Amino acid sequence: MEQVYEGFYARFETDSKAQGSMLMGPDHIVGDDYEVYFKTEDGRVVAFLRNKFGAESGFFDVDASRKLQLANAREQKIRAVLSYVAYSDEPDPGLYWGQMAVFCYSPRYAEEIDAFIGRVAEKIGDGIRPAINLGTQAVGKLLEDPTWMPTETMPLPQKEVGTAVLKDHRTMSEKMIEQGRAGNKGCYAVSIAFLVIVVLAIAYFVFGLLA
(Lines give C-alpha, C1' and ligand atoms only; values in the text may rest on other atoms or scores of the structure.)
Protein backbone atom coordinates (compact mmCIF):
# COMPACT_ATOMS: atom_id res chain seq x y z
CA MET A 1 0.00 0.00 0.00
CA GLU A 2 1.30 3.42 -0.95
CA GLN A 3 2.53 5.55 1.96
CA VAL A 4 0.59 8.73 1.23
CA TYR A 5 1.48 10.91 4.21
CA GLU A 6 3.31 10.97 7.52
CA GLY A 7 3.73 14.01 9.77
CA PHE A 8 5.44 14.46 13.13
CA TYR A 9 7.33 16.96 15.29
CA ALA A 10 11.00 16.04 15.72
CA ARG A 11 13.84 17.40 17.82
CA PHE A 12 17.00 18.70 16.19
CA GLU A 13 20.29 19.87 17.69
CA THR A 14 23.22 21.94 16.45
CA ASP A 15 26.86 20.89 16.09
CA SER A 16 28.19 23.81 18.12
CA LYS A 17 27.24 26.94 20.02
CA ALA A 18 28.48 29.00 17.07
CA GLN A 19 26.12 27.22 14.69
CA GLY A 20 23.30 27.30 17.25
CA SER A 21 23.60 31.03 17.85
CA MET A 22 22.76 31.59 14.17
CA LEU A 23 19.26 30.29 14.91
CA MET A 24 18.66 33.58 16.74
CA GLY A 25 19.07 35.58 13.53
CA PRO A 26 16.54 36.54 10.81
CA ASP A 27 17.72 33.72 8.51
CA HIS A 28 15.94 31.28 10.81
CA ILE A 29 12.29 32.24 11.30
CA VAL A 30 9.56 30.09 12.81
CA GLY A 31 7.44 28.77 9.92
CA ASP A 32 10.39 28.66 7.48
CA ASP A 33 11.01 25.65 5.25
CA TYR A 34 14.25 23.64 5.60
CA GLU A 35 15.92 21.14 3.31
CA VAL A 36 16.58 17.67 4.72
CA TYR A 37 19.69 15.83 3.51
CA PHE A 38 21.74 12.89 4.74
CA LYS A 39 25.31 12.27 5.87
CA THR A 40 26.99 9.16 7.26
CA GLU A 41 28.65 9.72 10.63
CA ASP A 42 30.26 7.02 12.78
CA GLY A 43 28.74 4.32 10.61
CA ARG A 44 25.13 5.58 10.76
CA VAL A 45 23.05 7.80 8.51
CA VAL A 46 22.05 11.13 10.06
CA ALA A 47 19.45 13.54 8.67
CA PHE A 48 20.73 17.13 8.56
CA LEU A 49 19.02 20.46 7.90
CA ARG A 50 19.79 23.45 5.67
CA ASN A 51 17.89 26.72 5.80
CA LYS A 52 16.59 28.41 2.66
CA PHE A 53 19.89 30.26 2.27
CA GLY A 54 21.90 27.02 2.15
CA ALA A 55 23.36 27.18 5.67
CA GLU A 56 23.66 23.95 7.66
CA SER A 57 21.36 24.41 10.63
CA GLY A 58 21.50 21.23 12.71
CA PHE A 59 20.73 17.53 12.68
CA PHE A 60 17.91 15.22 13.77
CA ASP A 61 18.04 12.64 16.52
CA VAL A 62 18.35 8.89 15.85
CA ASP A 63 14.60 8.14 15.67
CA ALA A 64 13.77 11.00 13.33
CA SER A 65 16.81 10.25 11.14
CA ARG A 66 15.64 6.65 10.80
CA LYS A 67 12.12 7.72 9.77
CA LEU A 68 13.48 10.19 7.25
CA GLN A 69 15.93 7.69 5.81
CA LEU A 70 13.01 5.29 5.25
CA ALA A 71 10.94 8.03 3.62
CA ASN A 72 13.86 8.86 1.36
CA ALA A 73 14.17 5.19 0.38
CA ARG A 74 10.47 5.23 -0.54
CA GLU A 75 11.17 8.25 -2.78
CA GLN A 76 8.75 10.37 -0.79
CA LYS A 77 8.94 14.14 -0.69
CA ILE A 78 10.29 15.50 2.60
CA ARG A 79 9.72 18.96 4.06
CA ALA A 80 10.65 20.37 7.45
CA VAL A 81 9.23 23.55 9.00
CA LEU A 82 10.90 25.30 11.95
CA SER A 83 8.51 25.41 14.91
CA TYR A 84 10.63 26.02 18.02
CA VAL A 85 14.12 27.06 19.15
CA ALA A 86 15.54 26.76 22.69
CA TYR A 87 18.79 26.90 24.61
CA SER A 88 19.67 24.53 27.50
CA ASP A 89 22.49 24.82 30.00
CA GLU A 90 22.85 21.04 30.03
CA PRO A 91 24.75 19.19 28.79
CA ASP A 92 27.78 21.37 29.47
CA PRO A 93 28.83 23.74 27.86
CA GLY A 94 25.25 24.40 26.76
CA LEU A 95 23.18 23.41 23.73
CA TYR A 96 20.99 25.10 21.13
CA TRP A 97 18.17 22.86 19.93
CA GLY A 98 14.65 22.98 18.59
CA GLN A 99 11.81 21.20 16.86
CA MET A 100 10.75 20.86 13.26
CA ALA A 101 7.34 19.94 11.91
CA VAL A 102 8.31 17.17 9.48
CA PHE A 103 6.26 15.94 6.52
CA CYS A 104 6.92 12.85 4.35
CA TYR A 105 4.48 12.21 1.52
CA SER A 106 3.86 10.75 -1.89
CA PRO A 107 4.83 12.99 -4.85
CA ARG A 108 1.52 11.88 -6.39
CA TYR A 109 -0.33 14.12 -3.93
CA ALA A 110 2.27 16.89 -3.73
CA GLU A 111 -0.08 19.68 -4.85
CA GLU A 112 -2.64 19.01 -2.12
CA ILE A 113 -0.14 18.26 0.63
CA ASP A 114 2.20 21.14 -0.19
CA ALA A 115 -0.79 23.48 0.12
CA PHE A 116 -1.65 21.88 3.47
CA ILE A 117 1.94 22.32 4.69
CA GLY A 118 1.72 25.99 3.71
CA ARG A 119 -1.36 26.39 5.92
CA VAL A 120 0.35 24.58 8.78
CA ALA A 121 3.48 26.74 8.43
CA GLU A 122 1.34 29.87 8.64
CA LYS A 123 -0.26 28.62 11.87
CA ILE A 124 3.14 27.70 13.31
CA GLY A 125 4.36 31.20 12.50
CA ASP A 126 1.46 32.52 14.58
CA GLY A 127 2.51 30.35 17.53
CA ILE A 128 -0.08 27.60 16.96
CA ARG A 129 1.15 24.01 16.60
CA PRO A 130 -1.42 21.95 14.66
CA ALA A 131 -1.44 18.20 15.25
CA ILE A 132 0.12 16.81 12.05
CA ASN A 133 0.21 13.10 12.91
CA LEU A 134 -2.89 12.36 10.87
CA GLY A 135 -4.94 9.19 10.65
CA THR A 136 -6.41 7.75 7.45
CA GLN A 137 -9.67 9.72 7.68
CA ALA A 138 -7.85 13.01 8.27
CA VAL A 139 -5.53 12.42 5.31
CA GLY A 140 -8.62 11.80 3.16
CA LYS A 141 -10.07 15.15 4.27
CA LEU A 142 -6.77 16.84 3.57
CA LEU A 143 -6.74 15.53 -0.01
CA GLU A 144 -10.39 16.41 -0.65
CA ASP A 145 -10.70 19.83 0.97
CA PRO A 146 -8.20 22.59 -0.02
CA THR A 147 -8.99 24.53 3.18
CA TRP A 148 -8.96 21.67 5.70
CA MET A 149 -6.93 21.97 8.90
CA PRO A 150 -6.81 19.74 12.00
CA THR A 151 -8.53 21.21 15.05
CA GLU A 152 -6.19 19.51 17.54
CA THR A 153 -2.96 21.20 18.58
CA MET A 154 0.28 20.00 20.12
CA PRO A 155 1.90 21.53 23.24
CA LEU A 156 5.38 23.01 23.26
CA PRO A 157 8.16 20.76 24.55
CA GLN A 158 8.14 20.59 28.33
CA LYS A 159 10.35 23.35 29.68
CA GLU A 160 13.00 22.07 32.05
CA VAL A 161 15.18 23.94 34.54
CA GLY A 162 18.03 25.66 32.72
CA THR A 163 16.16 25.86 29.40
CA ALA A 164 15.17 29.14 27.74
CA VAL A 165 12.63 29.36 24.91
CA LEU A 166 14.17 31.51 22.17
CA LYS A 167 11.60 31.25 19.38
CA ASP A 168 8.10 29.80 19.18
CA HIS A 169 6.41 32.25 16.76
CA ARG A 170 7.20 34.96 14.20
CA THR A 171 7.77 38.39 15.65
CA MET A 172 6.45 41.52 13.95
CA SER A 173 9.96 42.50 12.80
CA GLU A 174 10.51 39.02 11.32
CA LYS A 175 7.20 39.25 9.44
CA MET A 176 8.28 42.59 7.99
CA ILE A 177 11.68 41.17 7.02
CA GLU A 178 9.95 38.32 5.18
CA GLN A 179 7.67 40.77 3.37
CA GLY A 180 10.73 42.78 2.40
CA ARG A 181 12.42 39.69 0.99
CA ALA A 182 9.24 38.96 -0.96
CA GLY A 183 9.50 42.38 -2.63
CA ASN A 184 7.74 44.74 -0.24
CA LYS A 185 10.52 47.33 0.12
CA GLY A 186 8.50 49.55 2.45
CA CYS A 187 8.08 46.77 5.02
CA TYR A 188 11.74 45.87 4.75
CA ALA A 189 12.80 49.47 5.40
CA VAL A 190 10.43 49.72 8.37
CA SER A 191 11.79 46.47 9.82
CA ILE A 192 15.38 47.72 9.56
CA ALA A 193 14.41 51.02 11.16
CA PHE A 194 12.61 49.17 13.94
CA LEU A 195 15.68 47.04 14.68
CA VAL A 196 17.93 50.12 14.69
CA ILE A 197 15.60 51.87 17.15
CA VAL A 198 15.61 48.84 19.45
CA VAL A 199 19.44 48.68 19.40
CA LEU A 200 19.73 52.42 20.07
CA ALA A 201 17.22 52.22 22.92
CA ILE A 202 19.17 49.39 24.55
CA ALA A 203 22.45 51.28 24.12
CA TYR A 204 20.91 54.45 25.59
CA PHE A 205 19.62 52.48 28.56
CA VAL A 206 22.98 50.77 29.19
CA PHE A 207 25.06 53.93 28.86
CA GLY A 208 22.55 55.79 31.02
CA LEU A 209 23.15 53.29 33.80
CA LEU A 210 26.92 53.68 33.41
CA ALA A 211 26.85 57.49 33.38
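Start with the largest nonpolar core of this predicted model. It has 23 residues. Select Tyr5, Phe103, Ile113, Phe116 and Leu134, which have the most contacts inside it. Next, colour strand S1 (5-13), strand S6 (95-105), helix H3 (110-125) and helix H4 (136-144): these elements each give two or more residues to this core. H3 supplies the largest share, 7 residues. In soluble globular proteins, nonpolar side chains tend to be buried together.

Now zoom in on Tyr5. Leaving aside neighbours within four places in sequence, Tyr5 is in contact with Phe103, Cys104, Tyr105, Ile113, Phe116, Ile132, Leu134, Val139 and Leu142. Then move to a second, separate core of 20 residues. Tyr34, Tyr87, Tyr96 and Cys104 are among its members.

Select H3 next. This helix has 16 residues. From first C-alpha to last it reaches 22 Å, close to the 22 Å expected at 1.5 Å a residue. Show its buried residues: Ala110, Ile113, Phe116, Ile117, Arg119, Val120, Ala121, Ile124 and Gly125. What lies over them? The cover for the buried residues of H3 includes S1, strand S5 (77-88), S6 and H4. Step just past H3 to Gly127, where phi is positive, about 90°.

Last stop: Ser57, in strand S4 (residues 56-60). Is Ser57 buried or exposed? Ser57 counts as buried because its relative accessibility is 3%, under the 20% cut-off. Not counting residues up to four places away in sequence, Ser57 touches Phe12, Thr14, Gln19, Leu23, His28, Tyr34, Leu49, Arg50 and Asn51. Look closely at Asn51: its backbone nitrogen lies 3.4 Å from a polar atom of the Ser57 side chain.

Definitions and conventions. Residues are numbered from 1 along each chain as its sequence is written. This is a predicted model: local features need pLDDT of at least 70, side-chain atom pairs count only at pLDDT 80 or more; totals for chains, interfaces and linings use all residues. Side-chain values use heavy atoms; hydrogens and water are left out. A nonpolar core is a set of buried Ala, Val, Leu, Ile, Met, Phe, Trp, Tyr and Cys residues joined through side-chain atoms within 4.5 Å. Buried means under 20% relative accessible area, exposed over 50%, partly exposed in between (1.4 Å probe, protein chains only). Helices (H or I, at least four residues) and strands (E, at least two) are DSSP runs, numbered from the N terminus. Contact means heavy atoms within 4.5 Å. The expected span of a helix is 1.5 Å times one less than its number of residues. A polar contact is a pair of N or O atoms within 3.5 Å; within protein, one must be able to donate a hydrogen and the other to accept it, and residues adjacent in sequence count only if both atoms are side-chain atoms.
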